[in-house]
Amino acid sequence: MKITPIPSGTKDILPSEAIEQRWLESRIRGVFDSFGYQEVITPTLEMESAMDVAGEKRFKRSFRLFDERGEVLIMRPEMTTPIARLVSTKMADREPPFRLSYFANSYRPTTPQRGRQSEFYQAGLELIGLESPAVDAEVLAVLCQALTACGLEEFSVGLGESSFFTALLESAGVNGENREAIFDALAERDLVKLSSVVAGLDISDDDREAILGVTRLRGGSEVLIEAHDYVRGPAMEEALKRLARTYYLVSRYGFAGRILFDLGILSDFDYYTGIVFEVLSGELGFPVGGGGRYNGLLARYGRPEPAVGFAISLDRLHIAITGQGGVSLPDSPGIALVGGFDLALDLAMKLREKGVNVMALPEDMDKDAAVTAATSAGIGRVVMPDGDQFNLFDTCGGKGTKAKIEDIIDTMAVK
């Protein structure tokens, strides 16, 4: 068979996986709704000029194309910046706070590997217009509750504070290209590269040890105590106080056990100014999601507002849950109906009116073939005409049950 290729970094999703991903999406949507977040939808294509306003250097590596007027367009590489644009323009006449959510594909050139694609599907939210540890705690709690609702059991949220590390570098006189090199090494989790960069800095041994020491601070609440040894001024002290308060409030939601402090976390994106976090699960070699506070981004679009948010990779979440045993889908009320195209069309129509999913099968299909077709579609029951009655079978086996059309409707109707 000739193989027709698809673009590198993309993938086809077959029905069984699509059902599971849509179910995960529905669980996350339910949690977002329960906290008052409203969904927005932005274009897949953004103007390059609009994205350049964000000043994000990683946007330089994006998929680009020209429109009919010769304007350069970018396939959105993430969702936070398009939402910042939307809030600053289409919602300019509205007063914050804004609780916004999204479910969308984003696109970023990458070297394809497990858990890393050039096209990826995300669920996320942004809370715009409020700034406090209580607000950050809510966002972290929504993240934890959404993952729990999806059935993810083994996960922790690595939590850091970008302003703490930034203030440390400023106190040591590290800026410009040296600062960028340190940030890049941390974002890549390349400790060898980090050590090499720090070793080459023209700074004191104490500053060198402090920079490397902070990046090694990882663990429970004791990290906040240990971090005080590296405080070089009020900005760093305030950052630790915010972290401590945020942690306390997250514990009020019942998720303290999910928090793992990591003061070496830095995001791939430059716009983060406060807390930063990432979701780690089991033995996966990549984060399931992440986010943080970005108080300066909206100001670049003419509307200064504090903001915090996160994104969950649905693809990575699916991999993580599959690795711990699979997605636990609820039982489907659907049936496979032999003769549903013609002989039993009346029954098919009545069942659909009652909320039952009906997959019609040809009337000449035998039981074994019908069971095989139903099983491959994830349907647990088969109905076959038998004279003026019907036989109802479970696909897992067992003797069929004879029933009249009224009995089938009463048995299968969604209550």
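Where is the place of Arg85? Arg85 sits in helix H3, residues 80-89. Helices (H or I, at least four residues) and strands (E, at least two) are DSSP runs, numbered from the N terminus.

This is a predicted model: local features need pLDDT of at least 70, side-chain atom pairs count only at pLDDT 80 or more, and totals for chains, interfaces and linings use all residues. Residues are numbered from 1 along each chain as its sequence is written, and side-chain values use heavy atoms, with hydrogens and water left out.

**Arg85 and its surroundings**

- Arg85 counts as buried, at 16% relative accessibility. Buried means under 20% relative accessible area, exposed means over 50%, and partly exposed lies in between (1.4 Å probe, protein chains only).
- The side chains of Arg85 and Glu46 make a polar contact at 2.9 Å. A polar contact is a pair of N or O atoms within 3.5 Å; within protein, one must be able to donate a hydrogen and the other to accept it, and residues adjacent in sequence count only if both atoms are side-chain atoms.
- Leaving aside residues up to four places away in sequence, Arg85 touches Thr42, Pro43, Glu46, Ala50 and Tyr301. Contact means heavy atoms within 4.5 Å.

**Salt bridges: the count and a network**

- The whole structure holds 21 salt bridges. Each is a side-chain nitrogen of Lys or Arg within 4 Å of a carboxyl oxygen of Asp or Glu.
- Lys11 pairs with Glu17 in a salt bridge, with 3.4 Å between the closest N and O atoms. Lys11 is partly exposed, at a relative accessible area of 35%.

**Arg242 and Glu161**

- These two side chains form a salt bridge, 3.2 Å from N to O.
- Arg242 belongs to helix H10 (residues 234-252) and Glu161 to strand S7 (residues 156-161), so the bridge ties together parts 81 residues apart in sequence.
- Arg242 is partly exposed, with a relative accessible area of 32%. Glu161 is buried, at 2%.

**Arg232 and Asp207**

- Arg232 and Asp207 form a salt bridge, and their closest N and O atoms are 2.6 Å apart.
- This pair also links distant parts of the chain, 25 residues apart. Arg232 is in the loop between helix H9 (222-226) and H10, while Asp207 is in helix H8 (residues 205-215).
- Arg232 is partly exposed, with a relative accessible area of 34%. Asp207 is buried, at 13%.
- Elsewhere, salt bridges with shared partners join Arg22, Glu25, Arg29 and Glu39 into one network.
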